[in-house]
Every structure is written in structure tokens, then in C-alpha cells.
Amino acid sequence: VDLKWRFSLLIFILAYALTWLFFGLIWWVIAYSRGDLEHLGDHSWTPCVNNLNGFVSAFLFSIETETTIGYGHRVITDTCPEGIVLLLLQAILGSMVNAFMVGCMFVKISQPNKRAETLVFSSHAVVSLRDDRLCLMFRVGDLRDSHIVEASIRAKLIQSKQTQEGEFIPLDQTDLSVGFETGDDRLFLVSPLIISHEIDERSPFWDVSRGQLERDDFEIVVILEGMVEATG
């Protein structure tokens, strides 16, 4: 699903072509081993598949069987149990190939690969007073006309940490509250919004000074999730 389109189409074509060739070869082997190819034109001989006179016609019969075209010129007879088993097997495997490949193509077409590129975050985050409260703020906006449904945002602080017992955790993750308690984390992105994290007693930045903030090695990862309105 994540491959480039040229590789996906190549796999799509090969999945069908190789399946047709594989079963066409088996149909030809059955006709050859039963002696059907040696009794061409003999009306007293009942072949496994009528009007199968070589590998090309076996390949065409394989395509007709798997795609359920059924032209009627080449048809299996009831005197060939191995052919009946092969017919059932090809019908089942053909349905599985159809379901798998069509499913992959549908998922690939409906993937909003370029959608994330139209979600724009501000280049910088700032720490400033807002309503007389110290807040860490950044802005996010959606450039497309089609909205993102049920958008939600969350933020995590990632930094190294040493526990009181002396254990060193290289990538410790701490949640930064961006409105989970009040519902402000549920966004309606019709215009750019300022996301705010209040630095209070529960914030990991509460005991951090401005100088320490500039020296510390940490990263804030912001995750915005939602559904594309057009494709779901």
C-alpha cells in the first residue's frame, strides 16, 4: 500500500498475469498427460477440456476460468476429476487474488498522502502570558477547503530522565496538557488556531527557568489526528 504507484501497478499486473500463466501451465500439463493433445479432432475421445489444443489455448482457458468470462468454446468435461479439482482451486484462489489486490488498490487510492502537507504548524513556539497565565503556545492551520473531521491534538515532551532510584531513561515521554480536561484539544480547523499549554504546577516546565529552558536537551512532539472529510 505504501509503495510508489509504478511498483503497485506492476505488482497488480503480475499478480494476475502470473496466476493465469501458472494455472494455464497446469491445464496444459493435464491435457498433455491425459493424451488429449494426441487425439485432436478425434470425436470418439473425450478430453478434459474441449477445444484445448496447446499451451496458448490452455492459457486462454485459464483466463476465462479465473475471470469467469466463459466464452463457451473451451469448456471442461465431467470425465476429468483432476480438472474439476483444479477448476475449484482456481476459482477460490482467483477470488482471493481479486479481493486482496482490489482491496490494496482501494486503500491506496483513498489514502490522503498529500493531506498532511496542507497542515501547517508555526515555525516557532513561544512562552508568554495569556490571560495572566504563563503559557507555551504554537499555531496550527489547515490550508485546504475540505475540513478535517473530529480533529484532536496532543503534545508530548521527550527528554532524558533519571529516576530517584538512579535508573536512566533516555527517551522519557511526558504528556503536555493542551486542553484535554476542558475539551480544547478537540479542534475545528476552519481557521488557524493557537494551541496553548498552561505552565502550572502539573506542567513539567513549572520548575524550569528561562536559562535552563535554553540549555536543556528536549523535544516536544505534537500529534494532530482526524479524518479527511472527503474520503473518511
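In this predicted model, helix H1 (residues 5-34) packs with helix H2 (residues 55-66) at an angle of about 125 degrees, and their axes are 8 Å apart. That angle makes H1 oblique to H2.

**H1 with H2**
- The crossing of these two helices, H1 and H2, is right-handed.
- On the H1 side, the residues that meet H2 are Tyr16, Thr19, Trp20, Leu21, Phe23, Gly24, Leu25, Trp27 and Trp28.
- Their partners in H2 are Phe55, Ala58, Phe59, Phe61, Ser62, Ile63 and Glu66.
- Sorted by type, the residues of the contact of H1 with H2 come out as twelve nonpolar, three polar and one charged.

**H1 with H3**
- The contact of H1 with H3 involves 18 nonpolar, five polar and three charged residues.

**H2 with H3**
- How do H2 and H3 pack, and at what angle? Their angle is about 60 degrees, with the axes of H2 and H3 9 Å apart.
- H2 and H3 are therefore oblique to each other.
- The crossing of H2 and H3 is right-handed.
- Here Ser62, Thr65 and Glu66 in H2 meet Leu87, Gln90 and Gly94 in H3.
- The residues of this contact of H2 with H3 split into one nonpolar, four polar and one charged.
- Look out for Ser62 and Glu66 of H2: both are listed among the residues meeting H1, and both are listed again among those meeting H3.

**Spans annotated in UniProt**
- An unreviewed UniProt entry places the feature "transmembrane region" at residues 7-30 and 84-107.
- In the model, residues 7-30 are 100% helix and 0% strand, and the end C-alpha atoms of this span lie 34 Å apart.
- Residues 84-107 are also 100% helix and 0% strand, with the end C-alpha atoms 35 Å apart.

**Domains of the chain**
- Which two domains is the chain divided into? They are domain 1, covering residues 5-110, and domain 2, covering residues 119-228.
- Zoom out to take in both: the C-alpha centres of domain 1 and domain 2 lie 58 Å apart.

Note on methods
Residues numbered from 1 in each chain as written. Predicted model: local features only at pLDDT ≥ 70, side-chain atom pairs only at ≥ 80, totals over all residues. Heavy atoms only, no water. Axes fitted to C-alpha atoms, helices over the stretch in contact; angles between N-to-C directions. Helix = DSSP H or I, 4+ residues; strand = E, 2+ residues; numbered from the N terminus. Parallel < 35°, antiparallel > 145°, perpendicular 65-115°, else oblique. Left-handed = near helix turned anticlockwise from the far one by under 90°. Contact = heavy atoms within 4.5 Å. Nonpolar A, V, L, I, M, F, W, Y, C, P; charged D, E, K, R; others polar. Domains from an automatic or database assignment. UniProt positions renumbered as here; feature names shortened; annotations may be inferred.
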